[in-house]
Amino acid sequence: MRDNSPVVLDRLFARRLVFLSGKGGVGKSVVGAALALCAQKRGMRVVLVEVEAPLPVARLLGGRPGASPIHPEEVLPGILTVNLEPAAVMEEYIKRTLHIQMFVRRIVQSPIYQRFYSAAPGLPELMLLGKIMDLTDDRHDHDLVIVDSPATGHGLSFLKVPFAASAAIPIGPVGNAARRVISHLQDHEHTALAVVAIPEEMAVVEGLEFLEQAQREVGIAAEAVILNQCHEAVFDESEEARVLELLAGEAGGRLARGVSLRGALVAARRQMRRRKLTRFYETRLKRATPLPLLRLPRIFAEELGLDDLRGLAARLEAHP
Amino acid sequence: MSPRREPAAALREALQERHVIVVCGAGGVGKTTTAAALGVQAAMLGRRVLVCTIDPSRRLATSLGLTRLSDKPRALTLARVAPDAAGEMSAMMLDTKSTFDALVHRYAKDEAARDRILQNRFYKHVSAALHGSHEYMAMEKLLELTLDERFDLVVLDTPPTLHALDFLEAPDRLMSFLDASVLRFFLRPYFAAGRVTLRIATRTGALALKLADRLLGLQFLQDLSEFFLAFESMYDGFKERAAKVHALLRDPSSGFVLVTAPNAATLDEARYFHERLTEKQMPFVALIVNRLHPDPAQEPDPGGPLPTLPAGLDAKLIAVHRDMQALARAEAKTLIRLEVDTGEPPLLVPELETDIHDLRGLREAGDLILGARTLPRRRVRRAAGARA
């Protein structure tokens, strides 16, 4: 197991496209924002892509509500963000394919189109991937695209859509678009995948499943596992022993600022157990995959701010 | 607010009496674990319960400490974790593709029609990935399972959609997609024995077809129209099943349990979902908030003089107390807003100090859910008053 994150970041940033994948709720978008800040620090221009995010992390970077659903906007020097809306992406695609602008609106507003579009299997995903590939091809505007993959929960189904589409649609632009997406996904110099997990059973199990599927079924280059929300060591061994002893002895009283000792001890025990779990899952990931493991700390804040994101970026840069 | 039953009691009663419990929520909120934990509790209450999960990532299997779960119900041994359980518990995993195949078998008018569908390229590659097919098949399976006499309660875990609501809407979307009358119009030339002509009633129709041809290619449109032609005879059968599911989900013997985590995004989902349930007249049972951080300041102080602490430990203790309290307070604030908006007191389930991946853990999680507290009434009333 290599454990040198500047090298890992170099490897990720040498690509045009980095997909972040992981179970819902593991903080992929926060990790994406931290990675974007790392890229920015290296003087790169980077696009952070979210998909239909109800609370896009872009807004922590300065993104405004009501931004374009298809065109990235620069929110910090060198950082562009976009929260893609599949319907808007589809419309843009039709406009480009159809050439005749005046018909586009009629098509898009026709009930047939509405019905077909809302139920057509995989079409929105395919269009999104096509759009993402277009973004990576725009070398004049930026160096890197980071994608917070939508948490569909169906494993890597987002990345598997072009394979089904390619098999089902043997000819025509949509089939060809699917094949173009596949060739980009499988080009290890173009695209890399990083799996994000948190130290919990389900997230780790699914993260490992993603890795396996990514390699076996998609053929994408997996580069790293990022373990987010790690509880760090606060207490040393003797302090831990003392905490447990005081808890068992029903110790009471008040610490400074009126903090109840009992409450603090209970909080400490929770922290210690979570810390232990963090270590457990770190070990498990290290055993299960030869990929480098990057750790990010759990942040205790009601809402993250830009400073928190910068802190996380610094952690990615200066990994022990 | 009018006096109401304790939400935990309402949930217990539902586990005792209803025949279907659908567990919904956005992805990543502990929905599968909750479904399995409620299953164990129902078995303890004497029910013969089946927990059915749809998740292809085998989460329930993990929760149950199993490495594999077949798509046939499999009985679990509860003796070690709930020795006095009067009921029984089984678990299974839904296989979307084989459920879809089974439906085709059931409704195809003859072998030829059946094979035309099963061999169709569009069907083979796309049926399992069909938008909403997971959700539709989940409900289809639910219908089948409710008729299975081995079980008197089915707890259905729902697919991990980005939005909890997709689960309710996907079946309608799928049915409307399969409604050949629309596509018949759209694909008319292809329906006519695959002959490509552009005899189409309206200009928009002709345009749409031209667009489809340009985008998707002739071969795909032919596959698609073959699929719909073959499917047409089955559509009524599907529709009839869909109507039964529709009725089942609104039956008073069914109930929805909404699961959420204490963060702004999933709570917004929960709020919206609750609204839609009410609007669709689906029976709501309980709102469960998982992974809540208890406020350490609420721990009862045993009193007494402060014991001597090693140098530096007090500062660390104050720091962890502060972190945990900040989190707990932020969560409580959002939850109070949720209760004011929905009028449903959420069941507050504290974050466990360890992970759940076996039956014992599920048993304990279920105990926690049924013993869960709600928010302090006083604070909710105050917030509601401030809102008004």
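Start with helix α7 of chain B. Of its 14 residues, 12 are buried, so α7(B) is largely enclosed by the rest of the structure. Keep in mind that this is a predicted model. Among the buried ones are Ser133(B), His134(B), Tyr136(B) and Leu145(B). The helix covers residues 133-146. From first C-alpha to last, α7(B) reaches 20 Å, close to the 20 Å expected at 1.5 Å a residue.

Now the sheet. In what order do the strands of chain B run? The order is β3-β4-β2-β5-β1-β6-β7-β8. That makes 8 strands in an open sheet, with mixed pairing. β3 (74-76) and β8 (347-350) of chain B stand at the edges with a single partner strand each, so one side of each has no neighbour in the sheet. On average, neighbouring strands are turned by 25° against each other, direction ignored.

Look at one pair. β1(B) and β5(B) pair in the parallel sense over 4 bridges. There, Ile21(B) has Val155(B) in β5(B) as its bridge partner. Back to our helix: α7(B) packs on this sheet and touches β1, β2, β4 and β5 of chain B. Its direction makes about 170° with that of β5(B).

Next, helix α5 of chain B, residues 111-118. Which of its residues are buried? They are Ala113(B), Ile117(B) and Leu118(B). Seen down the axis, these fall within an arc of 130°, so they line one face of α5(B). Asp110(B) caps the N-terminal end, with a side-chain oxygen 3.2 Å from the backbone nitrogen of Ala112(B).

Last stop: His274(B), in helix α13 of chain B. His274(B) is buried, at 10% relative accessible area. Its contacts include Leu258(B) and Phe284(B).

Note on methods
Residues numbered from 1 in each chain as written. Chains lettered and ligands numbered in written order. Predicted model: local features only at pLDDT ≥ 70, side-chain atom pairs only at ≥ 80, totals over all residues. Heavy atoms only, no water. Helix = DSSP H or I, 4+ residues; strand = E, 2+ residues; numbered from the N terminus. Expected span 1.5 Å × (residues − 1). Buried < 20%, exposed > 50% of the residue type's maximum accessible area, 1.4 Å probe, protein only. Arc of directions from axis to C-beta. Polar contact = N/O pair within 3.5 Å; in protein donor to acceptor, adjacent residues only side chain to side chain. Contact = heavy atoms within 4.5 Å. Pairing = 2+ DSSP bridges. Axes fitted to C-alpha atoms, helices over the stretch in contact; angles between N-to-C directions. Lists of a residue's contacts leave out its neighbours within four places in sequence.
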